[in-house]
Amino acid sequence: MTTHKAVPVSVDAMIEDLRTLVEVESPSRDRDALTASAKAVAAVVERRLGGHAVLVDSPVGPHVHWSGGGDPRVLVLGHHDTVFPLGTLERRPFKVEAGHATGPGVFDMLGGLVQAVHGLAALDDLSGVEILVTADEEVGSHASRALIEERALACGAVLVFEGAADGGGLKTGRKGCGTFQVSVTGRASHAGLEPAAGVNALVEAAHQVLAIAALGRPELGTTVTPTVAAAGTLDNVVPARASIVVDVRVESADEKARVGAAFAALTPYLDEAEITVEGGIGRPPMPESASAELFALARRLVPGIEGVAVGGGSDGNFTAALGVPTLDGLGAVGGGAHADHEYVVVDAMAGRAHLTAGLVRALQEK
């Protein structure tokens, strides 16, 4: 068991650590930046909790894993990669004013990581606690999913420190989500001299966009949204290629299967056009049943705290799909994820750290 002496939750200390993490920029897929970020996360964990935080190498950058020893009972889950490119910090440096902490990645999700560590630091017994902070959540978790699932199954309960829902609510359900890429191949020809000799990939793509958009079932929580399209080369050439990117969100496994099958069954509208489909719904739905036990526990600790199901996905989708009790949205209270106005409410940080401590203590005692 890791030797550790409990300390009171200090907002000043949390702000200090948050500044440290924000000022080490960590854009997804930048191995050098993510290596520096992982080392910074590991240093904060070790300084506050003792023990040794292991850097787990991956093709996209290091994940950080820490254990308090003993039989695994609870996995504290987060990520240290952010969506912001190098140089964002210079334009938008970390600062605290008017009750808000701001800076790239402060809400999604470095504030949550800091609160989790300081909540754990308030406990005198860290046995059974594991922390996993991954390097690729923002880009699909392809390099971390197996490790996430392994540790979740070993621990039997997962607390996810993504940012809170509006007003500080916890996230009790999430849609499954993914991206499809539809590529259209036609045949080029001169748009003025021989338009009929070509196969217009843009026209084919237009038909496909309408067919794809019709796959949505809002009444079932299914959204199918074409988001990016490209076609053509010159204004006098019948386009030979086109592409469509589609965002998909589903609430149930049945809808995941239906939409996947529908994309696989797409057929060309124009003679001689060809269609290929890549991608899929990578994150399975997180049903509210997966969070019911842990959310009830949170409500005993903080009576009246709200729970909401949201459309965005997280690594909690993977753990919930395994049947492991999972509660999400335990991170920072604030808003503006992925945006320049991203912020954390400083006055809420201590309360979230105390909630962390209470949840972990209760899970240790089960």
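**Pockets, cavities and a helix**

Tutor: Happy to! The largest pocket holds about 730 Å³ of space. Keep in mind that this is a predicted model.

Student: Which residues are closest to the centre of that largest pocket?

Tutor: Glu137, Cys177, Arg249, Arg283 and Gly313 are the closest to its centre, out of 33 residues that line the largest pocket.

Student: And which helix and strands supply at least two residues each of that lining?

Tutor: Helix H4 (106-121) does, along with strands S8 (170-174), S9 (176-185), S13 (241-250) and S14 (274-283). S13 gives the most to the largest pocket's lining, with five residues.

Student: What's the lining of the largest pocket like by class?

Tutor: There are 14 polar residues, ten charged and nine nonpolar in the lining of the largest pocket.

Student: What lines the largest cavity?

Tutor: Its lining residues include Leu21, Val41, Val76, Leu113, Ala116 and Ile131. By class, the lining of the largest cavity has eleven nonpolar residues, with no polar and no charged ones.

Student: Which element gives the most there?

Tutor: H4 again, with four residues in the lining of the largest cavity. Helix H2 (31-49) and strand S6 (129-134) each supply at least two residues as well.

Student: And the second largest cavity, what's in its lining?

Tutor: Among the residues there are Val22, Glu25, Ser26, Thr82, Phe84 and Pro104. By class, the second largest cavity's lining has six nonpolar, three polar and one charged.

Student: New topic: helix H6. How far apart are its end C-alpha atoms?

Tutor: They are 18 Å apart, which agrees with the 18 Å that the 13 residues of H6 (residues 201-213) should span at 1.5 Å a residue.

Student: Which residues of H6 are buried?

Tutor: Ala201, Glu204, Ala205, Gln208 and Ile212 are the buried residues of H6. They cover an arc of only 95° around the axis, so they sit on the same side of H6.

Student: What covers those buried residues of H6?

Tutor: The cover includes strands S9, S11 (223-231), S13 and S14, plus helix H7 (253-264).

How values were computed
Residues are numbered from 1 along each chain as its sequence is written. This is a predicted model: local features need pLDDT of at least 70, side-chain atom pairs count only at pLDDT 80 or more; totals for chains, interfaces and linings use all residues. Side-chain values use heavy atoms; hydrogens and water are left out. On a 1 Å grid over the protein atoms alone, a cavity is a set of points where a 1.4 Å probe fits but cannot get out, and a pocket is an open set with protein on both sides within 12 Å along at least five of seven lines; lining residues have an atom within 4 Å of a point. Grid points are joined across faces, edges and corners, and a volume is the space filled by probe spheres set on the points. Ala, Val, Leu, Ile, Met, Phe, Trp, Tyr, Cys and Pro count as nonpolar, Asp, Glu, Lys and Arg as charged, and the others, Gly among them, as polar. The expected span of a helix is 1.5 Å times one less than its number of residues. Buried means under 20% relative accessible area, exposed over 50%, partly exposed in between (1.4 Å probe, protein chains only). The arc is that of the directions from the helix axis to the C-beta atoms. Contact means heavy atoms within 4.5 Å.
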